[in-house]
Amino acid sequence: MDFKCIEALLGLPEFRVIGQVLGPTQLDLHLERRDTDIVCPRCQTCCSRVKESRPRCLRDLPILERPVLLWLHLRRFECQGCRHRPWETSTTFGARTKWTVRLYNRVREEFLRGCPCKELARRYGLSERTVFRWTFEKSHGGRPRKLGRAIGIDEYARRKGHRYNTLIVDLDKGQPIATCKGRRVDEVMAWFTSRPQDELDGVEVVVLDMSKPFFAAVKAVVGDKVHVIDRFHVVQQAVSALDEVLRSVQKQLDQEDAKDLKKLRKRWLKSADQLNVEELLARYEWRRRFPALRETIDWVQDLRKWFDRKDNKPAREAFCKLIARASQSAQASLQRVAGTLNRWFEPIVRYIRHRYTNGMTEGFNNKIKLIQRMAYGLRNEHNRQKRVVSLDSVYKRATK
């Protein structure tokens, strides 16, 4: 391959290629700095006489699907004025590193996303131990993290319907703190009690879904003044009630009308400016024909608008009115939602003051599912936990 083409692929403007050796398993590239002189650190004069040189070896990203080994020929100059013999240094690479930063980041990203360790070692010409050490021991994923002011708690399945883990996320920093096995009260409490007391005292907000085990564990360890119910799960309860009313209405219709009603499901909760004239007329006609459907849609829309409130006291009063409307309704689904909201009244209302949601935790859960699908279940629990805690740095860098 032409040297200029290799230099373009490498992207190292400080060096020029002076030789290449294409072996059976890897590609050796010999590089040399483009500058032909350096400044003497003692007398500040220009040194151009080369006294000796020595090679330095670094691993780099593959070229043409072959692992690349860079041989940097560092030269030692002799100063004509003070006879000092300084070695040239590189601004691109550190003094003692044996691999490039881009290779290090690429290996970590692919390993954390589920690529097998053996495949990465073969592809980049590394050992399996090196891949594991780069990913966990030399990264922040191998270091314990402290609890933050606001944390989110959620569960994810190691095996759907059988085994679950608990994920704890720092909502302010946007990074997972830890993951522990199980989701029962005693298992979650055991993890929290293992943390220092000063960390537990600093927790002010814990965002969770309507999970009784999580609520009981956090209440026993931190207290009952920190719970905040995720707004998505509250709205999800209301939309489930709306779906139940829609199913009851569909049973009263013939097949064609039932299909038309089903097509309009995604448009029930949209605002008027998001619909065209035909959709507005269709929604108005269905609301006129079925008062139960109209009542449920209006209540769900008012609940969604309630989360936009800013003042605590008026929000509490408005939420009480919403619960009263649902409990006095003739719809059984709305009555059940009213009972649920009444039981979780205080944690739901705390959202108005703290404004935290579990959206970030749900996002990490989706990434964990992606990792498990790509790695066929991640049988090694130690590796799984290390990958999960290392997620933030990898995905932040991937999105930049």
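Reader: What makes strand 7 and strand 8 a pair, and in which sense do they run?

Author: Bear in mind that this is a predicted model. A pair needs at least two bridges between the strands. Strand 7 and strand 8 (residues 163-170) have eight bridges, in the antiparallel sense, so they count as paired. To find your way in, look at G152, which sits opposite V169 in strand 8.

Reader: Which sheet are they in, and why are some of its strands said to be at the edges?

Author: The sheet is an open one of five strands, ordered 9-8-7-10-11, with mixed pairing. Strand 9 (175-181) and strand 11 (227-229) each have a single partner strand, so one side of each has no neighbour in the sheet, and that puts them at the edges. Neighbouring strands are turned by 30 degrees against each other on average, with direction ignored.

Reader: How do you know that helix 15 packs on that sheet?

Author: By contact, which means heavy atoms within 4.5 Å. Helix 15 touches strand 7, strand 8 and strand 9, and its direction makes about 25 degrees with that of strand 7.

Reader: What about the largest pocket: what is its volume, and which elements give two or more residues to its lining?

Author: The volume is about 270 Å³. Of the 14 lining residues, the closest to the centre are E155, Y156, A157, K160 and K369. Strand 7 (150-159) and helix 15 (359-374) are the elements that give two or more residues. By class, the lining has three nonpolar, four polar and seven charged residues.

Reader: And the largest cavity: why is it called a cavity, and which residues line it?

Author: It's called a cavity because a 1.4 Å probe fits there but cannot get out. The count is one cavity of 30 Å³ or more, and the largest has a volume of about 30 Å³. E7, L10, L12, F15, V17 and L31 line it. Helix 1 (3-10) and strand 1 (15-22) each give two or more of those residues. The classes come to five nonpolar, no polar and one charged.

Reader: Why do strand 1 and strand 2 count as paired?

Author: They have seven bridges in the antiparallel sense, and at least two are needed, so they pair. Q20, for example, stands opposite L29 in strand 2.

Reader: Now the loop between helix 12 and helix 13. Is Q331 there buried or exposed, and how do you know?

Author: Q331 has a relative accessible area of 18%. Buried means under 20%, so Q331 is buried. Leaving aside neighbours within four places in sequence, Q331 is in contact with V245, A292, E295 and T296.

Reader: And Q328, buried or exposed?

Author: Q328 lies in the loop between helix 12 (312-327) and helix 13 (332-343). The relative accessible area of Q328 is 67%, and exposed means over 50%, so Q328 is exposed.

Definitions and conventions. Residues numbered from 1 in each chain as written. Predicted model: local features only at pLDDT ≥ 70, side-chain atom pairs only at ≥ 80, totals over all residues. Heavy atoms only, no water. 1 Å grid on protein atoms, 1.4 Å probe; cavity = no way out; pocket = protein on both sides within 12 Å on 5 of 7 lines; lining within 4 Å. Points joined across faces, edges and corners; volume = space filled by probe spheres on them. Helix = DSSP H or I, 4+ residues; strand = E, 2+ residues; numbered from the N terminus. Nonpolar A, V, L, I, M, F, W, Y, C, P; charged D, E, K, R; others polar. Axes fitted to C-alpha atoms, helices over the stretch in contact; angles between N-to-C directions. Buried < 20%, exposed > 50% of the residue type's maximum accessible area, 1.4 Å probe, protein only.
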